[in-house]
Structure formats: structure tokens, C-alpha cells
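The sequence and structure come first.

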Amino acid sequence: MSEYIYARVVSIAPMFASDGKKTYEVVELPDDISEGDWCKFTKNDGIIRYHEKDTPSDTPFPGREWRKFQTPGTDGRTRMDALKFRSEVLSGTRKFFTDSGYFEVETPLVVSSPGVETHLNAVNVSGNKFLSPSPEFQMKRLLAGGSGSIFQITKCFRQDETGKHHNPEFTMIEWYHVGADAETLRCDVEDLVDFLIEYTGNPGKIKKPPYKRMTMKEAFLEYASVDDYNRSPKELFKMAGINSSPPEKWEDAFFQVFVEKVEPHLSDNGPCFLTHWPKEFASLSRLDENDSEVAERFEFFSNGLEIANGFHELTDYKIQTSRSLGELEERKISGKPLYPLDNLFLESLKEGMPDTAGIALGMDRLVMLLWGTDDISNVLSFNADEL
Amino acid sequence: MAQMSDLKKNLKIIIDGDPYTVVEANFVKPGKGTAFTKCRIKNLITGSVLERTWRSGESVELASTEVRRMQYLYQDGSHLVFMDNQTYEQILLEEDVIGDGVKFLIDNLECEILFFNDKPVGCEIPTFVELEITTCEPGVKGDTAQGATKPATLSTGAVVNVPLFVNEGDWLKIDTRTGQYVERVKK
């Protein structure tokens, strides 16, 4: 009995065909067959003979998926290798938190309110629902419900955020440490990264802790030569040496100086915690007890990228409600879609949320750095453009 | 006019009257802040590259550029001569406008010439060209799945890495973006 083999002719002289896994030496090929053609061969006593020209499907060779996942990059590793590594980071993260006394929760991906943050565009789904851009509201409701310290590894969705370091759907590691303050939370980040480097045995592009702490004020002076960021947009741009025309709003000018001058250099000498954000960007963090001009908010940077954003959480119902209403007003002024307030979240603060520090860490970016690559797509199964 | 979110690689824009092409566009968004697109842009006339950042809501002037298919005729010093096959108009293009792809230029190759304000400023050579091997070691049987290679010199003088089984006189399909061998072709 002879068996059939589907293979693509990869060489005419000498005659070779391959099915993507194995290369076969074949005998006899008609003149009208050229390299690249799929053929059906018969295998008889180890001799492989041409049978007929036949394409099993419209498959390119080796298949598109095979090429995407199995072609080694310049470092000799494939995207499939990266996905296996990603799985290790996931299991390591779970081990780290459960060993530290946290328990893992899952909150819904489809929510009624995506939050009213001014610069966030949520993904709408049918029936006035949204894909969750962050699990924070639901996790805080669990805290108010007496969960104690919790963590979650979940998908977040943000429309229009696409690029080398952004994907509209991404994975977040979010945890809440009950009783902790911002500094304790920063130590948690160091412990987690240290643990993952040990666990995966792969430091990639990220240095081992300890990491530097720097206040926003110090960073503006050091990298943008701005001694005090409370200046007009025009003055800010001039001091920072930005030539393009300044925006009207101080917030936009602040962030443009930040994005152009500060952020790219923050982690020049290793990862860094950027602390004490201006009160205007307090978001869901409380203001500093000793200096009400700054908030107990920090971000964690490595390799020029924001990796995590942490708060000593605001638990005051009244302040949070007035901030949310202010943001909603901002959305109205800038003509953005008006999302409903999450009243259940606000009420849970009123009922009483324990003193907690919480943080959201971009898992794809962390995997990217641990793996030692500079494009988030390299550590995703499929990015938004590949669907 | 285009918006910040339209800024993508290869978009042609105008800044201070000069045409630029976007070489790299990176979306950045500080936590809970305005979105920005940080770009590296290349002046299509001088070739100089600079960095510019656009805020969400800022607009960008688009450059009206024209692309014409023209045939490569010959090299004249540091200039390359192309001809429009319909009008027989000939133009001169600086060699470095093409960059690395110049080593795959063969006579009569049809290229896409970029015009800005009727001045030729850029040249896109086809992604794939077919060239003959003039020198390489003789072909040996090999397992193509293993990917062993050897250098081969092509008729334009370019050197590419090829699988072991190809021979002198073979015609190859080359990817001009990467300068890599794609496959052997019958001529």
C-alpha cells in the first residue's frame, strides 16, 4: 500500500519538497511544476514519487501562522517561545500573590460605567454597556465588602490606543494591599519584579531592584530644567526648550513637557518610581497629608516606559464624588461622550472602604521587558492588527 | 488636514513648507492624561530626520504628493536617470534618495517616483526584483529546512545569502526591503 504526502516543491534541481516539518527528496517532476507548487506525492518503499499537482488549500508555505510563530527573530527566539515565557510570568505572578496572602478575584469585563476620566475612550458594547477599561471600581467594591488584600489578572479595553507599546485590549495585573501606604506598595512592586526575575530566570531588559524614587518636581527640574511646573503653558515650553506652539490648557502643556522631556529619561539609569504627582492629577489617590499640593500617586517606569500606576487610595466619598463630577464636566467641555457615573462604586466608599494602597501594572509591558524585546506585539498571541 | 490619530508610518505631511514622511509614529499616553503621537519624520528633500510630538486634537497639514511609474535607464555619476514611458520625459534623481535599494536596480526596472511640487524627491523600487547570480559556490544537496546558506553575487554586484542548492546562472527573487533571498525563479 502506498501512502500520499502533500508537500510543496522547494527545489527543482535537486528535487526536494517539504510539508513544513519534513523535507523529502523526490523523484520525477513534470516540467510544468515549479518551486512553490503544492503537489501530492506517493510514498512507496521509501521512494517519493510525484503523483499530481494538488493544493490542499490556499495555504502559503510554510503557513502564515507557522511563519509568524516559528520564525526565529535576530535573537534566535520565536514568538511561540515568547508566549510560553508569558505563561511562566502569569503563573509566577499568581504564585507571588497567593504566597503573600492575597486571593485572586475576577470582576466583570462588561460594565455599566467605564469611569469618567477625561482622556479615556471606552469601547461601547450593545445595550449601554462598556468593555471595562480598568477593574478598579469593582475591586474597590469588593474591598468595601470585606475582601481583604486582593489581586486580579484581567483584560482591559481602551479605544484608539494602538502602537508599539499599546494595544486596545491589554492585560493588567491589579492589586490592592489593605493597610499599606504608597511606599509599602512601591516595595511590593520591587518584590514582584525581583520574584519574577528569579522565577523565570530571565531578567531580559529590566534591572533587579532596588529602584530609585524621584518626585515629579525633582524630575521636571532634572530633565526639563523646569524649577516649578506651576507656570503658564508658554513659559513651560520655553523653559523646557520645546519649539512647537504651546496648548491653551496647563494640563496639556504639563503632559507635553512630561512626554517629550521627562519620561524618555526617567529610567536612563534603571527603573524609577515617579512620586508626588500634582494634585490636578490625583485621580483616585488621596492628597499628601503634609503637602496638599501633591497627591499620593506614583508611576513605575522602566526602559522609558510607564509600567504601573499606584495610589494610596482615596476613600473619602465626598471628595471622590466631586472629582468625578469635575471630570464629567471636563468631558462635556471637550465634547467627549458622557459616560454614566458609577454610583455603586461611590456608594461603596460611603459605606466604608478600608485604608488601602492599590496599583495597576501593565502585564504585557512587563513581559516584554522581562523577555527583552521592545515591541508589545512580540509577546501577544495576536495584536489588534492581526485579527 | 489630518488629525493626530491619523499620523502613521509613511504619511506625507508638510511642516514649514517642506514635505516630510513619517518614519516612525509612536502613540504615547501618560496615565490619565492627554494622548500624544511622538513621531520621527524625514524631510523628503534634505533627508534630515527630526522628532516632533503632536497632541490629541492638533491637526497636521497633508502634503499633496504625486507618484509616477518610471523606468530606470542608467547611472550618470551620482545621479540615476529615469524615464516616463508615456511622455518619454526623463528625470535625474540623486543616488542616495534610493538608499540601500540602489544595489538591486537593473536597467528598465519600473520604479515609483515621488513628486512634490513637480520635483522628484523620492523613489520606491519594487518590493521584489529578479536577478541573476553571477558568482557563487556550486550547488550542493542540502536539507532546506535547516536553513544553511552561502553568499552569492548578483548581476548588479549585490551580495545576498542563498540556500546551498542554488547555482551560478540561477535567477533569484529578492526582497528589496530586506535584501534577502526569497526563492529561485525560472527564466
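Helix H9(A) carries the exposed residues A:Lys350 and A:Glu351 on the face turned away from its buried side. Exposed means over 50% relative accessible area, buried under 20%, and partly exposed in between (1.4 Å probe, protein chains only). This is a predicted model, in which local features need pLDDT of at least 70 and side-chain atom pairs count only at pLDDT 80 or more, while totals for chains, interfaces and linings use all residues. Residues are numbered from 1 along each chain as its sequence is written, chains are lettered from A and ligands numbered from 1 in the order in which they are written, and side-chain values use heavy atoms, leaving out hydrogens and water.

The buried residues of H9 in chain A are A:Phe345, A:Leu346, A:Ser348 and A:Leu349. They fall within an arc of 155° seen down the helix axis, so they line one face of H9(A). The arc is that of the directions from the helix axis to the C-beta atoms. Their cover includes helices H3 and H8 of chain A, where contact means heavy atoms within 4.5 Å.

Helices (H or I, at least four residues) and strands (E, at least two) are DSSP runs, numbered from the N terminus.

| Element | Residues |
|---|---|
| H9 (chain A) | 343-352 |
| H3 (chain A) | 136-144 |
| H8 (chain A) | 317-333 |
| S5 (chain B) | 49-55 |

In chain B, strands S7 and S8 pair in the antiparallel sense over five bridges; pairing requires at least two bridges found by DSSP. B:Arg55 lies in strand S5 of chain B and counts as buried at 8% relative accessibility.
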